[in-house]
Amino acid sequence: MALQSAVVNHEANTYSLFRRVCPDCHTFRPVKDYTTRRIRTVFGTVEVRNPRWMMCRDCYPGMVVAFAPLKEICPDRATPELMELTARLGSMLPYRQAAKVLADFLPTEPTETHATVRKRTIRIGKRLDDQVMQETWRGEVPNG
């Protein structure tokens, strides 16, 4: 679990630092605050530092808006690996059975219930549908 925590924290810090740079003027955006965020992984829950950046004052004068970059990469407070595993099991098994399989093989928390499996499976399916729709609108036809 310590290795998982180190990897997730490193990835979160790297991505947050990358997103702190304003894409327009390439200066650091101001810091609003730092909190912590709990992210579920296939190995358990990891707590990471969760910064919030303000919009660039030079490029967006008068705009007082903050955003949390970790919400972009973990909108469901779960790693993509856990989201995919949950969705795959949820699409192949009844939701209660999928939740039991996850609980039997992973160090999941009691909050990982059949309702969570159902919501994640539906959410991932909607994202895939939206992706296919965007590719269709752009004229890109997926192979297969």
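Angles under 35 degrees count as roughly parallel, over 145 as roughly antiparallel, 65 to 115 as roughly perpendicular, and the rest as oblique. The model is predicted: local features need pLDDT of at least 70, side-chain atom pairs count only at pLDDT 80 or more, and totals for chains, interfaces and linings use all residues. Residues are numbered from 1 along each chain as its sequence is written, and side-chain values use heavy atoms, without hydrogens and water.

**Exercise 1.** Describe how helix 3 and helix 4 pack.

*Solution.* 
1. Locate the helices, which are DSSP runs of H or I with at least four residues, numbered from the N terminus.
2. Take the axes, lines fitted to C-alpha atoms over the stretch in contact, with angles from 0 to 180 degrees between N-to-C directions.
3. Classify. Helix 3 and helix 4 are therefore oblique to each other.
4. List the contact (heavy atoms within 4.5 Å). Helix 3 gives Leu-85, Thr-86, Leu-89 and Gly-90; helix 4 gives Tyr-95, Ala-98, Val-101 and Leu-102.
5. Sort by class, with Ala, Val, Leu, Ile, Met, Phe, Trp, Tyr, Cys and Pro nonpolar, Asp, Glu, Lys and Arg charged, and the others, Gly among them, polar. The contact has 6 nonpolar, 2 polar and no charged residues.

**Exercise 2.** Characterise the lining of the largest pocket by class and by element.

*Solution.* 
1. By class, the lining holds 10 nonpolar, 3 polar and 2 charged residues.
2. Helix 1 (2-20), helix 2 (69-73) and helix 3 are among the elements that give two or more residues.
3. Helix 1 supplies the largest share, 5 residues.
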